[in-house]
Amino acid sequence: MKPLHPRHWALVLGFVLAYGVLTMTDAASTLLGLDSGLAQEATPHVGGSPGSFDLNRFLWINGAVLLLLTGMLLWSLGSRHRIDPRYLGRPGLAFWNWLYLNPFSPRNVPRAAFHYLASPICVLGMKGLATGNNLLIAAGIPDPITAMARGLYALAPGWLAYWILIFILWLSLWRPSLELAAWFLRSRWGTGGAPVGIPSPASP
């Protein structure tokens, strides 16, 4: 692994702070929606009973996710020199090729390091989306996610409907996250020095 530049440590710190703030706004907006009587918690693993919200469990789960994502982000930044350079110019190439079990294998590192650079961005987007949606519900304003969730819950068991919904929302933010990750790698923030070149789209 390459040593991290101070810019990279600043990025990691920024992610941790943003994750913490968005986790708090997610929890607060959920409680606000529940208190208004217009919302019902649909996440199976943070509800002590159907429709309830267990704040302690929510915080423990989010803390574990933060540790995992921070560790993988540090690994990704340390492995930035091993990322397939094609992703810098065509990040969409990494949209679907995340079906692997071991991100640390030499064969997978060129894509996995890029994926784990984009994943924290996507997670922050998901948290922001959840907060905004909760606030719409609390204000009594029709929101798009509730309508989608109701349709899915009518077609599949609760836990399956939930994960299908998460998958759909994740995919909607995944491409912009890959684009931002590629931009970061091309910038001075990503290299810790001069910007790197962008390979031609025709490159193999």
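N133 is found in helix α4, where helices are DSSP runs of H or I with at least four residues, numbered from the N terminus. This is a predicted model, in which local features need pLDDT of at least 70 and side-chain atom pairs count only at pLDDT 80 or more, while totals for chains, interfaces and linings use all residues. Residues are numbered from 1 along each chain as its sequence is written, and side-chain values use heavy atoms, with hydrogens and water left out.

**Helix α4**
- Helix α4 (residues 109-138) has 30 residues and reaches 43 Å from its first C-alpha to its last, close to the 44 Å expected at 1.5 Å a residue, the expected span being 1.5 Å times one less than the number of residues.
- N133 counts as buried because its relative accessibility is 8%, buried meaning under 20% relative accessible area (1.4 Å probe, protein chains only).

**Aromatic pairs**
- The structure holds nine aromatic pairs, a pair being rings of Phe, Tyr and Trp (its six-membered ring) with centres within 6.5 Å, where planes under 30 degrees apart count as stacked, over 60 as edge-to-face and the rest as tilted.
- The rings of F15 and Y19 have centres 5.9 Å apart and planes at 55 degrees, so this pair is tilted.
- F15 is buried at 5% relative accessibility, and Y19 is buried with a relative accessible area of 3%.
- Y87 and F114 form a stacked pair, because their planes lie at 20 degrees, with the ring centres 5.2 Å apart; Y87 is in helix α3 (residues 86-89) and F114 in helix α4, 27 residues apart.

How values were computed
Helices (H or I, at least four residues) and strands (E, at least two) are DSSP runs, numbered from the N terminus. Buried means under 20% relative accessible area, exposed over 50%, partly exposed in between (1.4 Å probe, protein chains only).
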